[in-house]
Amino acid sequence: MIQSFRTNSENEQFQKLVRELDSDLGIRDGEDHSFYAQFNKIDMIKYAIVAYDDKTPVGCGAIKENSSDAMEIKRMYVRPDRRGEGIATIILKELERWALELNYKMCLLETGKRQPEAIELYKKNGYTITPNFGQYKNVENSICFEKILTA
């Protein structure tokens, strides 16, 4: 049974999963990886989730404030051998609950066009494509999503 635990970026398991994520993204993003990496630092992330199957960490995600009413979903990752089991949805739903508890009204995020499984995850969970925001405004490989949160 998958359980999600709230933590922050100081959590060693979260850090290890993010290193795995960055390795995967380095391959997918190719030459663009250094551009994206500058926006994905994990120091000072207050709100992170690590998902466990028994005592084994299998995935992670985080939120950070984007504006006074919106949290940005960051660092979503599920280990490759555990994909397709609904773990990412468990993490995403817990991040949304946490954002609501913190009185945010919306979640937004950016993912790469070379990450079709992430795009499908967000669509399946009620996220809609929105114009690219912030540092992703004119980035061809980026696709941005948003979702209004409801209790």
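Leu100 sits in helix 3. Helices here are DSSP runs of H or I with at least four residues, strands are E runs of at least two, and both are numbered from the N terminus. At 28% relative accessibility, Leu100 counts as partly exposed. That class lies between buried (under 20% relative accessible area) and exposed (over 50%), with a 1.4 Å probe and protein chains only. Leaving out residues up to four places away in sequence, Leu100 touches Leu149, Thr150 and Ala151. Touching, or contact, means heavy atoms within 4.5 Å. Leu100 and Leu149 are 49 residues apart along the chain, and their C-alpha atoms are separated by 6.9 Å.

This is a predicted model, in which local features need pLDDT of at least 70 and side-chain atom pairs count only at pLDDT 80 or more, while totals for chains, interfaces and linings use all residues. Residues are numbered from 1 along each chain as its sequence is written, and side-chain values use heavy atoms, with hydrogens and water left out.

## Overall layout

The protein has 4 helices and 7 strands. Along the sequence they follow the pattern β-α-α-β-β-β-α-β-α-β-β. The protein has 151 residues, and buried ones make up 50% of them. Take the contacts between residues at least 6 apart in sequence: 68% of these join residues at least 24 apart.

| Pair | Separation in sequence | C-alpha distance |
|---|---|---|
| Tyr52 and Ile87 | 35 residues | 9.2 Å |
| Ile63 and Leu109 | 46 residues | 9.4 Å |
| Leu100 and Leu149 | 49 residues | 6.9 Å |
| Met1 and Asp53 | 52 residues | 5.8 Å |

Met1 belongs to the segment before strand 1 (2-7). Met1 is exposed, at 80% relative accessibility. Beyond its neighbours within four places in sequence, Met1 is in contact with Tyr52, Asp53 and Asp54.

Tyr52 lies in strand 2 (residues 47-53). With 16% relative accessibility, Tyr52 counts as buried. Apart from neighbours within four places in sequence, the contacts of Tyr52 are Met1, Ile2, Gln3, Phe5, Gln13, Pro57 and Val58.

Ile63 is part of strand 3 (residues 56-67). Its relative accessibility is 0%, so Ile63 counts as buried. Setting aside neighbours within four places in sequence, Ile63 has contacts that include Ile45, Tyr47, Met71, Leu95 and Trp98.

## Helix 3 against helix 4

Two packed helices are described by the angle between their axes and the distance between the axes. How do helix 3 and helix 4 cross, and at roughly what angle? The axes of helix 3 (residues 87-101) and helix 4 (residues 116-124) come within 11 Å and cross at roughly 55°. Each axis is a line fitted to C-alpha atoms over the stretch in contact, and angles run from 0 to 180 degrees between N-to-C directions. Helix 3 and helix 4 are therefore oblique to each other. Angles under 35 degrees count as roughly parallel, over 145 as roughly antiparallel, 65 to 115 as roughly perpendicular, and the rest as oblique.

Helix 3 passes helix 4 in a right-handed crossing, where the near helix is turned clockwise from the far one by less than a right angle. Helix 3 contributes Ala88, Thr89 and Leu92 to the contact, and helix 4 contributes Leu121, Tyr122 and Lys124. By type, the residues of this contact divide into 4 nonpolar, 1 polar and 1 charged. Here Ala, Val, Leu, Ile, Met, Phe, Trp, Tyr, Cys and Pro count as nonpolar, Asp, Glu, Lys and Arg as charged, and the others, Gly among them, as polar.

## Positive phi angles

Arg75 is not a glycine, yet has a positive phi of about 55°. Arg75 is found in strand 4 (residues 70-78). With a relative accessible area of 5%, Arg75 is buried.

Asn103 is not a glycine either, and has a positive phi of about 70°. Asn103 is placed in the loop between helix 3 and strand 5 (106-112). Asn103 is exposed, with a relative accessible area of 58%.

## Cysteines

How many disulfides does the structure hold? The number is 0, where a disulfide is a pair of cysteine sulfur atoms within 2.5 Å. Cys60 is buried at 0% relative accessibility. Cys144 is also buried, with a relative accessible area of 0%.
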